[in-house]
Amino acid sequence: MTDTVLVDAANTRKWGRYLYISSVVLLCAWVLVPIYFLMVNTLSSPETVNSFPKTLVPEFDLGSLTFFAGFAGMLTALKNSVLVAGMTMVMSILIGAPAVYALSRFEFRGKSTFRLLILLTRAFPLPLLALPLAVMFIRTGLDDTAFGLALVHTTLAVPFAVLITFSLFSGIPIELEEAAWTLGCTRLTAFTMVVLPLIMPGITASAIFAFVISWNEVFAAAVLTIENRTLTAFLLQNLDTSPLHLKFAGGFILVVPALIFIFAVRKYLFAMWGIANR
Amino acid sequence: MNARYLPYILILPVTLFLCVFFLYPFVLVAQQAFTTGSGFTFDNFREITSHWKFPISLTNTLLLAAAVVPVQLALALLMATMVSRMGKGRDLVLYIWTIPLGISDLAAELIWLAIFEQSGFLNTMMSGLGVIDKPVNFLSYEHPGVVFLAIALAEIWRATAIMLVILVAGIGLIPKEYYEAADVFGASKWKQFTRITLPMLRPSLQTALVLRVILAFEIFAVVAALGGTLFPVLMGETYTYQFDLLNSGAAAAMVLVILAISIGFTLIILRILRVPKGASI
């Protein structure tokens, strides 16, 4: 009697375990298989991409990628994307980091209002603001420049940069700095010699995050650039006219940095939201 | 330097930046929406709402959000609870599940185009199984259901990761003692989920939903090639007004409509999932 109950319980647990593992595997496949399909298309010759039926293994032909690299304006667009994303990365850190230091180390009047402003930006569809900014940019000569677009992308990235670095700053005890002060450091040298080395990996992570945000942004890029298109804007503009193999190669080039970047920042993704929620 | 003024000097760059590139454009867009060259008017709003495409794009946007967000919420909750009990391989699984976080909507749409286009992988598999004789052009006006499904799948695939990250972070903040106590009193895993995890997760759910719903109204590039003109959405119409019709007044009015919907839904979510006063972990 008790034996059968025990065996039953063991069986249920075993089946539960199988179910658990298979759903984890299934969900991993749900993420990975579509990317794999895109890769198969990218690493096949243009003829194969346009033919039917498809094979499920890549033939490792660089035809599509060569066509992509040779397509008029594509490499310039790629260069623009990297340029804009690089500028966004630097600006969001330079602008965001000092504010984070103020938030985590000082009590001052207007602190909560300031935090609210930062959080507020996250709750609005920011790319929409590219439309009025386009007018302003034409007046100031910033229209169709990489720098102008980078400014808008920085608005998108700064709240995230502030949130990530804030969560990390809060994790570093102020006693470390105080110890440095008693040993003769000024506020500045205590920061550069004690705090900076500790938060460097986190700052790198938020810099990478800013890069990805800019790299992926479509709407503002399409609105604010005409000649100097970024890769996303260029692909969007030529969506109707470009052949399939060009689209897929372009898509693949967009995905690859994402794979690397997410791998690089995976530890910090969760820290950021843990603090941001409270 | 005087320590009293230091924090203000430190926050000055961000404040100035956000004023110029966040608050100022708001004022500008509102101004543009309510003028047509001769003073205050509602003409722009009248124009966009009377256009035959407006009700369709509004319904499409709302319908898509209504179809996608609940599935994403359920999926993200499931994934987050699965990960929280995982020992070996947790880092690898989390990495794989968060990959779409770094993928743009445009790239996601191209990925799903590779599956749904006429010579794509769905047609290959279906003809391989003998379901269809020759490849079907799924993304055409003859199959509005499939177009909707493709867009919804691409959205679910791409944007579940952001909710997952927020929820995993939230679950990590719930003290283990609550679950230990529940175990002592013999509560089942399901009961622990509904009585501990869900209520404690409220702030995270709030953040995740607000962020996700706002992104859902911003949907633009995913629709552009999977649906094209077959599936008009609000953001796409805004783009059309600005660039194809060169009517920036109407585009500004569209922006305000999207903003109003976003703010409305944000307030509703904040109200429903409000954290009781004084309750915290």
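Select chain A and colour it by burial: buried residues, those with 20 or more other C-beta atoms (placed from the backbone) within 10 Å of their own, make up 44% of its 278 residues. This is a predicted model, in which local features need pLDDT of at least 70 and side-chain atom pairs count only at pLDDT 80 or more, while totals for chains, interfaces and linings use all residues. Residues are numbered from 1 along each chain as its sequence is written, and chains are lettered from A and ligands numbered from 1 in the order in which they are written.

Switch to a cartoon of chain A, which shows 12 helices and zero strands, taken as DSSP runs (H or I, at least four residues, for helices; E, at least two, for strands) numbered from the N terminus.

Next, select the residues of chain A in contact with chain B, that is, with C-beta atoms, placed from the backbone, within 7 Å; 68 residues of chain A meet 73 residues of chain B. Helix α12 (residues 244-276) of chain A gives the largest share of this side, 17 residues.

Then move to chain B and select helix α10 (residues 202-217) and helix α13 (residues 248-272), which pack at an angle of about 160° with axes 10 Å apart, the axes being lines fitted to C-alpha atoms over the stretch in contact and the angles running from 0 to 180 degrees between N-to-C directions. α10(B) is therefore roughly antiparallel to α13(B), a term for angles over 145 degrees. Among the residues making the contact are Leu209(B) and Phe217(B) of α10(B), and Ile261(B) and Phe265(B) of α13(B).

Definitions and conventions
Buried ≥ 20, exposed ≤ 12 C-beta atoms within 10 Å, placed from the backbone. Contact = placed C-beta atoms within 7 Å. Parallel < 35°, antiparallel > 145°, perpendicular 65-115°, else oblique.
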